[in-house]
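The tour below goes from one selection to the next.

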Amino acid sequence: MLPVLVTATLAMSMALLFLRRDQRSLLLFLAVGSVSFFLYTISVYIAKKGGITEFTTFVLFGTNGVRQHLLKQVYTVHNLGFMMALGRYLSPYFLLLSALDLSGKLNGKKGVVTALLLSIIPLLSIVLYMPQVFELISSNEWMMEAVVNFSKMWIMVYILSADILMVVEFFFIKLQFFRIRFLMKLMFILSLSVIYGVFFPQDPAQVYLFYRNEYMWMLGLWYLHKGFSTGIYYVVVAGSLCAGLVSMASLIRYFSITFGEEVAEVKIRRESSSATRGVSMFVHGTKNDLLATRILLEKVGQNYPQDQEVKKLKAINDGLMGRLDKLNKAIKVNSIKLYPVEVKEILDLSLQRIRETFSSYPIDVKGLDSRCLILADRNFLSEAFTNIIQNGIEATVQNGSRDPIEICVEDGRVWVEIIFSDRGKGIDKKVKKHIWEPFHSSKNSSTNWGIGMYFTRLVVRRHMGSISFSRRKEGGTSFVVMLPKAGKGDR
């Protein structure tokens, strides 16, 4: 049963690596792979050793046929012992590296140095357990006991460090979005640690020496020793199975979220690529025509200064020019230049722009006393925020309300979260699937080209951030923008 769960988890980690192809997915795959390899060597050893119950056979092998298959595998004692040593000493190393990476502490040159320093002890243990070296060590019982105890000690330190690091990081995360995401990673590391922790007492020395003396029983799986009661045995086995289920479930959930985001990203990139072809030429040509029209309208306006129809035509012409400017910005977001700037400054600029159109509409802002810095392009990011606020106002008014737009700034440890909430009727399910796509709008197409949210998402992504939305319990929609922090301001 346990091998099935571990194999499924290994398959999911491999799929995650294929999908993301980054450092994080590689470390997760290596952690799962090394634990799986360690369990495989233990299963081969127990299958050849024999003397286990039917229930143990079910837990460790699933069926007796699997046990018989492992029993027939041809390995020398030295080969099996060294394979077990590789799995045993690489597992805690990759688990700790995964925990460091998930906690954001394995980046840049410092991360490389940390990984190299942490590899020294595992590599030393692997060298000590090489067949030729361990044969010399085992000739002296005191030296062999010292090596065995040393390996147990550093393994426990590595595993406990990984678990404590993940738990501490979880409690330090303030933003709810990241707490939920990190919880899956926390459960994965903890469950994998439990599975490994149950089996790591199986020392490769026992394989090398194969119960050469009475001391050797201490080097085997502790819960299989005859001195323990049946109750303890069943509790440990049940715990191992539960840990396997949690590990597989958390990784599947993490993979499904990652896969869903990747599919959405590919779709939007494809839509963006097809939409931007020819847009630049369209904008350039249309703006020239509108500029010519503006000159003619100004001449007509001089001859008929009181004509209301001429004024309306001027307003329509200026509106079209404004929408073309937004369209032009949307296809030129690669020109974004990032500088350290306070979130307050970006929001103040956005509110200033909003007041030009909605001078008296109520807007409640909380958390603007935060001095956190982000790397941002003032003009582009403030324009993106303006789009969100304007959409919120229009949605609230269309819903027959004049409730204030709520903006809340949450200052996290690594990220800053800006939440824009309105009291509109919410986003329709059909619109949700296409909200980020260019030229898709639920509004009147004669006054809106559906470029606003597409532009907003592009800008946020260029700022190394993310944007999402959800329905509010009290009615309306909340858009959440998350941006990486760059420190604190001076004031």
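The stops that follow cover nonpolar cores, salt bridges and a surface patch in a predicted model.

**Stop 1: the largest core**

Select Leu97 and Tyr129. In the largest nonpolar core, which has 62 residues, these two touch the most other members.

**Stop 2: around Tyr129**

Centre on Tyr129 and display its contacts. Leaving out residues up to four places away in sequence, Tyr129 touches Phe82, Ala85, Arg88, Tyr89, Phe134, Val147, Val148, Ser151, Asp203, Pro204, Ala205 and Tyr208.

Keep Arg88 and Asp203 from that list selected. They form a salt bridge, with 3.1 Å between the closest N and O atoms. Arg88 belongs to helix H5 and Asp203 to the loop between H9 and H10, so the bridge ties together parts 115 residues apart in sequence. Are these two residues buried or exposed? Both Arg88 and Asp203 are buried.

**Stop 3: two other salt bridges**

The model has nine salt bridges by the rule used here. Next, select Arg24 and Asp101, whose side chains meet in one of them at 2.9 Å, N to O. Arg24 is in helix H2 and Asp101 in helix H5, and the pair links distant parts of the chain, 77 residues apart. Arg24 is partly exposed, its relative accessible area being 23%. Asp101 has a value of 5% and is buried.

Then move to Glu406 and Arg472, where a salt bridge has an N to O distance of 3.3 Å. Glu406 is found in strand E4 (residues 405-411), while Arg472 is in the loop between strand E6 (466-471) and E7, so this pair ties together parts 66 residues apart in sequence. With 31% relative accessibility, Glu406 counts as partly exposed. Arg472, at 8%, counts as buried.

**Stop 4: a nonpolar patch**

Finally, switch to a surface display and select Met156, Leu160, Ile164, Val168 and Phe172. These residues make a nonpolar surface patch of about 480 Å². For orientation, Leu160 sits in helix H8, which covers residues 141-172. In soluble globular proteins, nonpolar side chains tend to be buried together.

Definitions and conventions:
Residues numbered from 1 in each chain as written. Predicted model: local features only at pLDDT ≥ 70, side-chain atom pairs only at ≥ 80, totals over all residues. Heavy atoms only, no water. Patch = residues over 30% accessible without salt bridge, like charges linked within 9 Å, V, L, I, M, F, W, Y side chains within 5 Å. Areas by Shrake-Rupley, 256 points an atom, 1.4 Å probe, with all protein chains shown as cover. Salt bridge = Lys/Arg side-chain N within 4 Å of Asp/Glu carboxyl O. Helix = DSSP H or I, 4+ residues; strand = E, 2+ residues; numbered from the N terminus. Core = buried A, V, L, I, M, F, W, Y, C linked by side-chain atoms within 4.5 Å. Buried < 20%, exposed > 50% of the residue type's maximum accessible area, 1.4 Å probe, protein only. Contact = heavy atoms within 4.5 Å.
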